[in-house]
Amino acid sequence: MKFNTRRGGGYSATLAAQLFDSSKPIHSLSLDLEPQMKFEDGKRTNEIQAYKAWFTQAGLPPFEVKFEKKVSLPAYLSVVEFNNIEACEVSYNIYFRAVDLKEVK
């Protein structure tokens, strides 16, 4: 996700709260988690350091969220809530991470 405003400092729950509209649901787009491999000395290792999945909310482009541990993804287009979602801006790109997610019934 790209924005034209500069914000400093690492991951922040406050930034994530500013980007999402709490009155609109967030939908899961991924069917499977994508492993993020660890790199050492500029070379990819076979070690998985995190998992990523795609989500969407009306009014925002699709966005990817990183999870340090393997999470259980709900069915395609299920409404979800994140546990401890945070956002970070690097070179006008927004990156998200969360501890976990749950399907909202």
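User: Why is Q57 called buried?
Analyst: Q57 has a relative accessible area of 2%, and buried means under 20% (exposed is over 50%, partly exposed in between; 1.4 Å probe, protein chains only), so Q57 is buried. This is a predicted model, in which local features need pLDDT of at least 70 and side-chain atom pairs count only at pLDDT 80 or more, while totals for chains, interfaces and linings use all residues. Residues are numbered from 1 along each chain as its sequence is written, and side-chain values use heavy atoms, without hydrogens and water.

User: What is Q57 in contact with, leaving aside neighbours within four places in sequence?
Analyst: Contact means heavy atoms within 4.5 Å; by that rule Q57 touches F20, D21, K24, P25, I26 and F63. As for V80, 23 residues away along the chain, its C-alpha atom is 10 Å from that of Q57.

User: What makes β3 and β4 a pair?
Analyst: Two strands pair if DSSP finds at least two bridges between them. Five bridges join β3 to β4, which run antiparallel, so the two strands pair. β3 covers residues 43-57 and includes Q57; strands are DSSP runs of E, at least two residues, and helices runs of H or I, at least four, numbered from the N terminus. Y51 has F67 of β4 as its bridge partner. The strands form a hairpin with five residues between them, and G59 in the turn has a positive phi of about 95°.

User: How do you know that β4 also pairs with β7?
Analyst: Three bridges join β4 to β7 (residues 93-98), and these strands run parallel.

User: Which residues of β4 are on its covered face, and which on the uncovered one?
Analyst: F63, V65 and F67 are on the covered face, E64 and K66 on the uncovered one. In a regular strand the side chains alternate between the two faces of the sheet.

User: Which residues lie nearest the centre of the second largest pocket?
Analyst: They are F20, D21, S22, I26 and Q57, out of 13 lining residues. A pocket is an open set of points on a 1 Å grid over the protein atoms alone, where a 1.4 Å probe fits, with protein on both sides within 12 Å along at least five of seven lines; lining residues have an atom within 4 Å of a point. The space in this second largest pocket is about 190 Å³. β5 gives the largest share of its lining, three residues.

How values were computed. Points joined across faces, edges and corners; volume = space filled by probe spheres on them.
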